[in-house]
Amino acid sequence: MTIDLRSDTVTKPSKEMLEAMFSAEVGDDVFGDDPTVKALENKAAEMFGMEAALFCTSGTMTNQIALKAHLFPGSEVICDKYSHIYLYEGGGIASNAQASVKLIDGDKGRITAEQVRGAINNPEDIHLPLSTLVSLENTMNKGGGSIYDFDEILKIKEVCREKGLKFHLDGARLFNALIETSESPKDFGSAFDSISICLSKGLGAPVGSLLLGNAEFIKKSRRIRKSFGGGWRQAGYLAAAGIYALDNNVKRLKEDHANAKAIGQILQKCSFVKEIMPIDTNIVIFELVENWTNTDFLEVLKQNGVGAVAFGPQLVRFVTHLDFKTEDLNLLEKILTQISK
């Protein structure tokens with residue numbers, strides 16, 4: 001595959017990142033004595049102004065740990081109908097937390113405080129699950145990388161405080177949002193009870209996500225991680241990549257966003273495109289005209305050395321990343337123009 005736009009998870013570690021990994025000081029993280037894992041967890045916690053962090057293998061694991069820690073059998077999480085925790089985590093809300101889910105029809109995956117308030121069940125009604133947690137996703141994958149208005153997040157937080165609900169953020173691509181707005185990591189750390197951030201998407205680490213929260217929550221989460229089989233040994237080699245990513249690969253996310261917008265401009269000229277979703281960050285989702293199926297279109301792309309994914313009926317997704325360079329953009333334009341003829 002010449003150009004891989006299936007996801008921002010397809011990147012390879014740079015030479016500098018590999019050097020950081022090779023030179024890492026390690027121990028056994030299950031015994032709690034891997035100094036590089038501790039350094040990464042402390043760095044992330046301090047960055048977000050939260051008490052503690054837990055290094056895990058994936059964003060799905062950090063989300064599922066958070067759900068199990070916050071929820072209990074008979075409780076319910078409120079989220080958008082396109083949320084990753086609902087659509088793409090193997091039914092984990094049911095199988096891990098044994099909880100129900102209340103789905104909201106938001107705007108490009110973003111829900112409002114008013115919608116949250118209307119979704120909360122009466123705790124005195126024994127017929128209904130107990131509303132316990134609200135979960136947001138920022139940026140929103142199925143919303144085309146859409147970004148939450150932080151003022152709306154604060155309004156949702158106030159509803160949660162008033163009603164006694166916990167507040168979780170699936171921040172797999174949170175840094176893509178932060179690089180486009182005036183908020184800081186600490187702003188988000190003060191708004192949420194728990195946050196999941198991914199190191200292996202736009203930040204380019206080979207493996208890993210972090211779960212953040214207060215010390216008691218992370219202690220509970222560490223036990224849940226163990227029960228999930230998530231204890232690992234010399235994980236410092238991977239943690240070193242995460243430290244490098246946080247130090248070096250955040251500001252450059254702007255390049256991915258610029259490339260995504262450039263792809264959008266190319267697609268506007270293509271005859272096979274019916275509509276393009278607004279491009280806010282590094283995700284490009286477009287709808288094909290009626291005489292194309294996404295299966296046929298993806299096969300044509302594959303034959304031309306381009307990787308993408310189907311994202312619903314007639315929908316195709318491209319995701320830009322640090323391994324997608326200017327020469328790749330130029331080649332992609334030639335390929336898409338040729339397909340369009």
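How many bridges join strand β3 to strand β5, and in which direction do the two run? Four bridges join them, and β3 (residues 75–80) and β5 (residues 130–137) run parallel.

Good morning, colleagues. What I present is a predicted model, in which local features need pLDDT of at least 70 and side-chain atom pairs count only at pLDDT 80 or more, while totals for chains, interfaces and linings use all residues. Residues are numbered from 1 along each chain as its sequence is written, and side-chain values use heavy atoms, with hydrogens and water left out.

Helices (H or I, at least four residues) and strands (E, at least two) are DSSP runs, numbered from the N terminus. Two strands pair if DSSP finds at least two bridges between them.

Let me begin with the sheet that holds our opening pair. Seven strands form an open sheet of mixed pairing, in the order β2-β8-β7-β6-β5-β3-β4. At its edges stand β2 (52–56) and β4 (100–104); each has a single partner strand, so one side of each is left without a neighbour in the sheet. Neighbouring strands here are turned by 20 degrees against each other on average, direction ignored. The axes behind such angles are lines fitted to C-alpha atoms, for helices over the stretch in contact, and angles run from 0 to 180 degrees between N-to-C directions.

Buried means under 20% relative accessible area, exposed over 50%, and partly exposed in between, with a 1.4 Å probe and protein chains only.

Which helix lies across β2, β3, β5, β6, β7 and β8? That is α3 (residues 59–70), which runs at about 25 degrees to β8. Its 12 residues reach 16 Å from first C-alpha to last, close to the 16 Å expected at 1.5 Å a residue; the expected span is 1.5 Å times one less than the number of residues. Because 10 of the 12 residues of α3 are buried, the helix is largely enclosed by the rest of the structure.

Ala69 counts as buried, at 9% relative accessibility. Not counting residues up to four places away in sequence, Ala69 touches Phe217, Lys220, Ser221 and Ile224, where contact means heavy atoms within 4.5 Å. Leu165 stands 96 residues from Ala69 along the chain, and their C-alpha atoms are separated by 13 Å.

I turn now to the annotations. In an unreviewed entry, UniProt gives "domain: Aromatic amino acid beta-eliminating lyase/threonine aldolase" for residues 4–287. UniProt positions are given in the numbering used here, feature names are shortened, and annotations may be inferred rather than shown by experiment. The span 4–287 is 41% helix and 18% strand, with its end C-alpha atoms 19 Å apart. UniProt also lists Lys201, again in an unreviewed entry, for "modified residue: N6-(pyridoxal phosphate)lysine".

Where does Lys201 lie, and is it buried or exposed? Lys201 is in the loop between β7 and β8, and at 16% relative accessibility it counts as buried. Leaving aside neighbours within four places in sequence, Lys201 is in contact with Asp8, Thr9, Ala172 and Arg173.

There is also an open sheet of four strands, with antiparallel pairing and the order β9-β10-β13-β12. Here β9 (273–276) and β12 (309–310) are the edge strands, each with a single partner, so one side of each lacks a neighbour in the sheet. Three bridges join β9 to β10 (residues 283–288), and Glu275 stands opposite Glu287 in β10. Helix α12 (residues 253–267) lies across β9, β10 and β13 (315–319), at about 15 degrees to β10.

Finally, consider helix α14 (residues 326–340). Its buried residues include Leu329, Leu332, Ile335, Leu336 and Ile339. Seen down the axis of α14, the buried residues fall within an arc of 135 degrees, so they line one face of the helix; the arc is that of the directions from the helix axis to the C-beta atoms. The face turned away carries the exposed residues Thr326, Glu327, Lys334 and Gln338. Among the elements that cover the buried residues of α14 are α12, α13 (294–303) and β13.
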